[in-house]
Amino acid sequence: MARLPRLAIAGYLHHVLQRGAHGQSICSATEDYEELLNAIHLAARQHQVAVHGYVLLQDHFHLLLTPASEQGLALMMQSLGRTYVRYFNRKYDRKGTLWEGRFKSAVLQPRHALAVLTFMDLHPSRAGIGLPPSGYPWSSYSHYSGVITDKRIVTHPAYWALGNTPFAREAAYQAAAREGLNSVQLQQITDSVTRGWALADDDFVAELQKSTTRRLVRKTPGRPRKVTASD
């Protein structure tokens, strides 16, 4: 089956996933995580991509982004690759690519922003690291839960709707992380980013489809109905 072209639409929310090649580490020490995070924010600023959230793990990372232009997302990830891979290869005396092919991405309806942020916050626990969101330093949880204010993060509007005061928003966000996601939500988010399908309702997809000729959702299973003479 032919691979669908990657989708990037200016002004829309995107969930991005990048893995290390063959499951290898992309961060092997604390300073690597720091370098990768700085490189992400630098590349985003250079190419006008808003970073709403992130989680960095040893062999992959997830980002929640909004590019200002159709080219911005790809240019950001290319820039990140040049900067961080050069650093990593020099430090560990290695050559070649660090990434497992091209990055994966999916367009999201804004109402899914908080669920995807929660997906990222809880990802270290699902990966077996054994730390709650508050104990894991390489995600945007601390920003949204009120522990720190990271001025490099563009707080997504969905967060502001959680309450009328900073305390109310922080408490609601913490509660969402404690509640977690159900199995259906986890599967939808995972399928969306790994397969490149839009995570959105039918009306949103129909409107979004006007911006691209690329198919946005999975084809409906089943064979086409045969046309008969009576049709």
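Is E31 buried, partly exposed or exposed? E31 is partly exposed, with a relative accessible area of 41%; buried means under 20%, exposed over 50%, and partly exposed in between, using a 1.4 Å probe and protein chains only. This is a predicted model, in which local features need pLDDT of at least 70, side-chain atom pairs count only at pLDDT 80 or more, and totals for chains, interfaces and linings use all residues. Residues are numbered from 1 along each chain as its sequence is written, and side-chain values use heavy atoms, with hydrogens and water left out. Helices (H or I, at least four residues) and strands (E, at least two) are DSSP runs, numbered from the N terminus.

**Salt bridges**

- The structure holds four salt bridges, each defined as a side-chain nitrogen of Lys or Arg within 4 Å of a carboxyl oxygen of Asp or Glu.
- One of them joins E31 to K91, with the closest N and O atoms 3.0 Å apart.
- This pair links distant parts of the chain, 60 residues apart: E31 is in helix 1 (residues 30–46) and K91 in helix 2 (residues 72–92).
- K91 is partly exposed at 34% relative accessibility.
- A network of salt bridges links E31, D32 and K91.
- R152 pairs with D150 at 3.4 Å between the closest N and O atoms; R152 is partly exposed at 35%, whereas D150 is buried at 11%.

**Strand 1**

- Strand 1 (residues 13–19) has six of its seven residues buried, so it is largely enclosed by the rest of the structure.
- Strands pair if DSSP finds at least two bridges between them.
- Strand 1 runs antiparallel to strand 4 (residues 104–108), joined by five bridges, and H14 has V107 as its bridge partner there.
- Six bridges join strand 1 to strand 3 (residues 60–67), also antiparallel; in strand 3, H62 stands opposite L17.

**Helix 7**

- R169, Y173 and A177 are the buried residues of helix 7.
- Seen down the helix axis, these residues fall within an arc of 75 degrees (taken from the directions from the axis to the C-beta atoms), so they line one face of helix 7.
- They pack against helix 3 (113–121), helix 5 (141–144) and helix 6 (157–160), where contact means heavy atoms within 4.5 Å.
- On the other side of helix 7, F167, R178 and E179 are exposed.

**D121 in helix 3**

- D121 lies in helix 3 and touches P133, S139, S140, Y141 and Y173, not counting residues up to four places away in sequence.
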